[in-house]
Amino acid sequence: IVLNFMSVPLKTGQMEYTVNLQTKNKTESYPVFGFFSQIAYTNVVLFVETKQSVVMEAVFNMIRRFGIFVLLISFLAIIILQFFMIAIQGSIQELMRLVTNIGQGIYILKPKVYGFGEFNRLISAFETLGKTILNRENSIRELHVSHVEKERLKSEILLAKQVQNRFMIDDKALLHGFVDYETFYASASEVAGDWFGVKYVKKADKTIFAICDVSGHGVGSSMF
């Protein structure tokens, strides 16, 4: 019997019913679980009866522990999410501040918060954008100043050319004397340090030709 009991699986079963318990003052009813197992090749049946509350207490304890664990995980998740939300909110506010500064013409940006991930790249990109715009604005300003200076120099050179031309002989001078001659003058630049002149001296009955050359060219040489 013992060998058969050890080798053959037990036939088990479960029942659920209500038991009425008579006390002195009243009758109480409570649900119970009945468990039985039959020993193979015998008429022996092992049976046990237990209140459902006793059996389910372990289940309820496990559910309570699981609920507490879920609440704890949820609480930690909310705390972590709050940190992420604060970081994201700070990054968005910093992006808005940088955009506002660029719109107001403030290109020297000093981010207070860089954030993480895509926000970090966006904030760094806006910082680089501000530097690029500032460099281009400075280049445009320098080009404008250079253009204004160039126009000023051009006006001064034109004035110097007009002054220099007044020192050159005119067509009327070609009528004096008894020598035939022609003149042609072309400077290498707008003005130059070259000069020539012709003068007829009536008393001496001579025609004097003069040619001068100052080293260099430009306004300085022409004035000298």
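Trainee: Which residue in E3 is the bridge partner of Phe36?
Mentor: That's Phe47. Keep in mind that this is a predicted model.

Trainee: And how many bridges join E2 to E3?
Mentor: Seven, with strand E2 (residues 27-38) and strand E3 (residues 45-51) running antiparallel. The hairpin has six residues between the strands, and Tyr41 takes a positive phi there, near 65°.

Trainee: Switching topic: how many salt bridges does the structure hold?
Mentor: Three. One of them joins the side chains of Arg97 and Glu94, at 2.6 Å, N to O.

Trainee: Where do Arg97 and Glu94 sit?
Mentor: Both are in helix H2 (residues 52-103); because they are three residues apart, about one helical turn separates them.

Trainee: Is Glu94 buried or exposed?
Mentor: Buried, with a relative accessible area of 6%. Arg97 is partly exposed, at 26%.

Trainee: What about Glu137, which side chain does it meet in a salt bridge?
Mentor: Arg141, at 3.6 Å, N to O. Both lie in helix H3, four residues apart. Glu137 is partly exposed at 31% relative accessibility, and Arg141 is partly exposed at 44%.

Trainee: And what does Arg152 pair with?
Mentor: Glu149, in a salt bridge of 2.3 Å, N to O.

Trainee: Last one: where is Val191 found?
Mentor: In the loop between helix H3 (118-167) and strand E4 (192-201). Val191 counts as buried because its relative accessibility is 2%, under the 20% cut-off. Val191 and Lys161 are 30 residues apart in sequence but 5.5 Å apart in space, C-alpha to C-alpha.

How values were computed. Residues are numbered from 1 along each chain as its sequence is written. This is a predicted model: local features need pLDDT of at least 70, side-chain atom pairs count only at pLDDT 80 or more; totals for chains, interfaces and linings use all residues. Side-chain values use heavy atoms; hydrogens and water are left out. Helices (H or I, at least four residues) and strands (E, at least two) are DSSP runs, numbered from the N terminus. Buried means under 20% relative accessible area, exposed over 50%, partly exposed in between (1.4 Å probe, protein chains only). Two strands pair if DSSP finds at least two bridges between them. A salt bridge is a side-chain nitrogen of Lys or Arg within 4 Å of a carboxyl oxygen of Asp or Glu.
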